[in-house]
Amino acid sequence: MVGNQQIAVIGAGLMGHGIALTFANSGHPVAVMDPVEDSLRSVRQRVSDSLRLLGTPDAGIAKTLEKIELFDSVPMAVKDAAFVFEAAPENLDLKRSIFGEIEDHAPERALLASNTSAIPISRITGELSSRHRALGTHWWNPPHMIPLVEVIKTEWTNADCAQSAFDFLKGAGKTPVMVERDIPGFIGNRLQHALWREAMSLVTNGICTAEAVDNVVKAGFGRRLAVLGPLENADLIGIDLTQDIHRQLLPDLETSGEPSPHLQELLEKGRTGIAAGAGFRDWNDGDLAAVKARIAGHLRKLEAILPN
């Protein structure tokens with residue numbers, strides 16, 4: 001895939017609008033489809049707002065918006081697509097249904113990709129007759145600001161199709177990583193939720209507060225994670241020292257295969273997260289917008305100082 005290819009994004013929510021923004025900002029024409037009219041009609045405004053947070057001038061915003069076309073049906077959105085990205089909610093039956101419709105109406109040479117955080121791609125695409133051209137592309141929120149996209153092969157994915165997707169994403173300014181085996185959570189979420197499990201265990205067992213956990217990460221090893229991955233760090237400190245630490249530490253880490261019981265306790269108290277004013281931590285009015293702005297500002301600064 002080279003040049004300005006026609007892209008179709010099925011799903012105009014949080015992830016879909018960011019995926020559409022990414023490709024439109026790279027000069028690709030993008031067809032966006034969502035069955036929810038309010039979500040579809042608000043895409044342009046949300047793209048505009050996201051670009052403004054990035055500091056994009058009005059002329060640049062207008063140029064990007066010109067590349068986005070809205071559709072209310074899958075057949076019309078995908079009929080000319082070279083690459084289709086499904087970004088529907090995390091519902092297996094819904095995703096399967098959407099892919100069946102995409103396959104019926106997209107060009108035979110189009111690549112078909114699902115964006116999901118944890119569902120194995122083979123469960124979504126396994127019933128397709130052309131499953132050789134189907135794969136996963138796990139984008140990270142916010143998708144237009146986080147460089148990483150995990151490209152997930154299933155047992156049926158053609159190697160050339162996977163490489164084409166990898167190269168295409170790289171050409172659009174992303175940092176793709178190939179996931180050779182289709183497993184739940186892929187790479188990033190397995191790493192992330194292993195950390196979350198231990199973080200929740202520390203709070204549940206009275207070792208420290210939620211604020212303490214967050215501060216340890218933000219003021220400690222989190223500061224170097226953007227430039228030093230965990231296996232690079234192991235090499236840096238030495239494999240022998242890493243082995244010695246693991247002998248002492250790993251037997252004492254949380255190993256439960258079930259969600260933390262503390263999560264259910266919070267849910268029963270109505271502490272469902274920042275939008276509700278409380279979760280692990282207490283939140284005030286305006287905190288949600290402030291956190292989003294803080295994240296956007298931080299990511300902009302990282303983009304300026306880190307190599308691609």
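Reader: What are helices and strands here, and from where are they numbered?
Author: They are DSSP runs: helices are H or I with at least four residues, strands are E with at least two, and both are numbered from the N terminus. Keep in mind that this is a predicted model.

Reader: OK. Where is E155, then?
Author: E155 is in the loop between β7 (148-152) and α8.

Reader: Buried or exposed?
Author: Exposed. Its relative accessibility is 69%, and the cut-off for exposed is over 50%.

Reader: How far is E155 from E180 in space?
Author: Their C-alpha atoms are 9.0 Å apart. Along the sequence, 25 residues separate E155 and E180.

Reader: New topic. How many aromatic pairs are there?
Author: The count is 6. In one of them, F23 and F168 are stacked, because their ring centres are 5.4 Å apart and their planes meet at 20°. Planes under 30 degrees apart count as stacked.

Reader: Which helices do F23 and F168 come from?
Author: F23 is in helix α1 (residues 14-25), and F168 is in helix α8 (residues 159-171).

Reader: Which residues form the aromatic cluster?
Author: F23, F83, F85, W139 and F168 make up one cluster.

Reader: And what sits over the ring of W156?
Author: The charged end of R131. It lies 4.2 Å from the centre of the W156 ring.

Reader: Back to α1. At what angle does α1 pack with α3?
Author: About 70°, with the axes of α1 and helix α3 (residues 43-53) 10 Å apart. So α1 is roughly perpendicular to α3.

Reader: Is their crossing left-handed or right-handed?
Author: The crossing of α1 and α3 is right-handed.

Reader: Which residues make the contact?
Author: From α1, L14, H17, L21 and N25. From α3, R46, V47, S50 and L51.

Reader: Now V30. Where is its place?
Author: V30 is in strand β2 (residues 30-33). V30 is buried, with a relative accessible area of 1%.

Reader: What is V30 in contact with?
Author: Leaving out neighbours within four places in sequence, its contacts include Q6, I7, V9, A20, F23 and A24. K67, I68 and E69 are also among them. F23 also belongs to the aromatic cluster.

Reader: What separation do V30 and V78 have?
Author: Their C-alpha atoms are 9.9 Å apart, and the two residues are 48 residues apart along the chain.

Reader: Next, N233. Where does it lie?
Author: N233 is in helix α12 (residues 230-237). N233 counts as buried because its relative accessible area is 18%, and buried means under 20%.

Reader: Which residues does N233 touch?
Author: R224 and L228, not counting residues up to four places away in sequence.

Reader: Switching to the backbone. What kind of peptide bond joins N141 and P142?
Author: A cis one, with omega about -5°. P142 is in the loop between β6 (134-139) and β7.

Reader: What about phi of F186?
Author: Phi of F186 is near 60°. That is a positive value in a residue other than glycine.

Reader: Where is F186 found, and is it buried or exposed?
Author: F186 is in the loop between β8 (175-179) and α9 (188-204). F186 is buried, at 2% relative accessible area.

Terms used:
Residues numbered from 1 in each chain as written. Predicted model: local features only at pLDDT ≥ 70, side-chain atom pairs only at ≥ 80, totals over all residues. Heavy atoms only, no water. Phe/Tyr/Trp six-rings, centres within 6.5 Å; stacked < 30°, edge-to-face > 60°. Lys NZ or Arg CZ within 6 Å of the ring centre and 35° of its normal. Axes fitted to C-alpha atoms, helices over the stretch in contact; angles between N-to-C directions. Parallel < 35°, antiparallel > 145°, perpendicular 65-115°, else oblique. Left-handed = near helix turned anticlockwise from the far one by under 90°. Contact = heavy atoms within 4.5 Å. Buried < 20%, exposed > 50% of the residue type's maximum accessible area, 1.4 Å probe, protein only.
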